[in-house]
Amino acid sequence: MPDMAAPATRLKLDQQALLPADPHADTAACHAALASGGADFLQLILAQGLGPLWHHRLQTGGRLDALPQDAAEALREARLSAAGGYLAQRAALDRLDRLFEAAGIAWLVMKGAHVRECVYPDPALRPAGDIDILVAPADRRRAARALLDAGYAVHAEPANISHEATFSHGGVDIDLHWHILRPGRTRVGLTEQLLERRQRSGGQWGPSDGDTLFLMLTHPAFAKYVCSPNMGLGRVADFLLWLQQRPADWPGVVKQLDDAGLKTAAWAMLSWFRLLAPAALQATLDAWRGSVRPGRLRAAYLRQWLLRDLPGRWLQRPLLIQFGFTLPLHDRPGDALHALRGVRQARKNRQHDLGLLLGEST
């Protein structure tokens, strides 16, 4: 049986690392956690991309100067680096907006690069390794051509070419999506609905508030396996800050989840967030979890995966994770079979999908 001590210790450290996203944690508590955690805790904060948020919280609370000089300098450097990265990414998004608007391509930016514009006191406090954008499947080739003509180089991974590809230029990576997940993962197509409901936020196109919440509760379940090493605490901070600041039409989100066959996936994500959330938010998360809870046996099975952080401990065994964890995240056996067919179809159509993206003969 896996040792529970390591996951429990990591969970406590992760909770402390998220203190700046806690509405009731004062600056003194943040300073005390950083002081008692020492160099290892500081490295965890920096590795998880939370350094800028910690710097902001301690600086605005007048506690930054009370830190040891090396710790204060490390947080300051993290914030400056994040600001530089944000400026480069924002310039790329502004240029992309002009390119796509001129070409008549409906698009939106999603995930971290969208959330940071909505709920962070300064969007530059939330580093993003890349920019995730969404276009309609029918627009993928025109979007790719616009990026290539703008000087971007394409990196098309065979395993993902059914639904996304990466374009890089000048240190900025853009993940172009035309499906949220690999086709077959959901009962219904989602892209067109998301684009129809898109809205301007922070000067750029993004999903509606309900769709943003839907994405936070579904995409990482399959793409990041709901685990500490893969998820990153930045995504947890995104969710906690979103929950505190944005209105939530929870019945509407539940309907979306039900239509897509992903209520169980959302329950797993909510369970993970609940493990890390401050006390002030736990009642809301408990109520939401109760409304999307799977059957008793499946809930107990999946809860063991989460409590023991089995996806994180078995990252080198992806087939085991996929069959033992992500397939049971689908609401019905038929949904899981549909997902398996989607995997087979995606493998079969790799060259065809590459041709659809780049206009190459296949």
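Helices (H or I, at least four residues) and strands (E, at least two) are taken here as DSSP runs, numbered from the N terminus. The model is a predicted one, so local features need pLDDT of at least 70 and side-chain atom pairs count only at pLDDT 80 or more, while totals for chains, interfaces and linings use all residues. Residues are numbered from 1 along each chain as its sequence is written, and side-chain values use heavy atoms, with hydrogens and water left out.

Tyr225 has a phi near 65 degrees, which is a positive value in a residue other than glycine. For Val226, phi is near 50 degrees, again positive in a residue other than glycine. As for accessibility, "buried" stands for under 20% relative accessible area, "exposed" for over 50%, and "partly exposed" for anything in between (1.4 Å probe, protein chains only). Tyr225 is buried at 12%, and Val226 is buried as well, at 1%.

Next comes the sheet. Strands of a sheet pair through backbone hydrogen bonds, either parallel or antiparallel. Two strands are said to pair if DSSP finds at least two bridges between them. Here, five strands make an open sheet with mixed pairing, in the order 1-2-5-4-3. At the edges are strand 1 (107–110) and strand 3 (153–155), each of which pairs on one side only. On average, neighbouring strands of this sheet are turned by 30 degrees against each other, direction ignored; the axes behind such angles are lines fitted to C-alpha atoms, for helices over the stretch in contact, and angles run from 0 to 180 degrees between N-to-C directions.

Going through the pairs, strand 2 (residues 131–135) and strand 5 (residues 172–177) run parallel and are joined by four bridges. Asp132, for instance, has Asp175 in strand 5 as its bridge partner. Strand 4 (residues 164–169) pairs with strand 3 in the antiparallel sense, over three bridges, and the bridge partner of Val154 in strand 4 is Phe167. Phe167 also stands opposite Ile174 in strand 5. Strand 4 and strand 5 are antiparallel, with six bridges between them. Their hairpin has two residues between the strands, and Gly170 takes a positive phi near 60 degrees there.

On to the charged side chains. A salt bridge is counted when a side-chain nitrogen of Lys or Arg lies within 4 Å of a carboxyl oxygen of Asp or Glu. That rule gives 16 salt bridges. One of them pairs Asp238 with Arg126, whose closest N and O atoms are 2.6 Å apart. This pair links distant parts of the chain, 112 residues apart: Asp238 belongs to helix 11 (residues 233–245), and Arg126 to the loop between helix 5 (112–119) and strand 2. Asp238 is buried, with a relative accessible area of 3%, and Arg126 is buried too, at 12%.

Another salt bridge joins Arg289 to Asp286, with the closest N and O atoms 3.3 Å apart. These two residues are about one helical turn from each other because they are three residues apart in helix 14 (residues 279–292). Arg289 counts as buried at 17% relative accessibility, whereas Asp286, at 32%, counts as partly exposed.

Finally, helix 12 (residues 250–260) packs against helix 13 (residues 263–276) at an angle of about 125 degrees, their axes being 8 Å apart. The two helices are therefore oblique to each other, given that angles under 35 degrees count as roughly parallel, over 145 as roughly antiparallel, 65 to 115 as roughly perpendicular and the rest as oblique. Trp250, Val254, Leu257 and Asp258 of helix 12 make the contact with Lys263, Ala266 and Leu270 of helix 13, contact meaning heavy atoms within 4.5 Å. By class, this contact has five nonpolar, no polar and two charged residues (Ala, Val, Leu, Ile, Met, Phe, Trp, Tyr, Cys and Pro count as nonpolar, Asp, Glu, Lys and Arg as charged, and the others, Gly among them, as polar). Asp258 also forms a salt bridge with Lys263, the closest N and O atoms being 3.9 Å apart. Both partners are partly exposed: Asp258 has a relative accessible area of 34% and Lys263 one of 25%.
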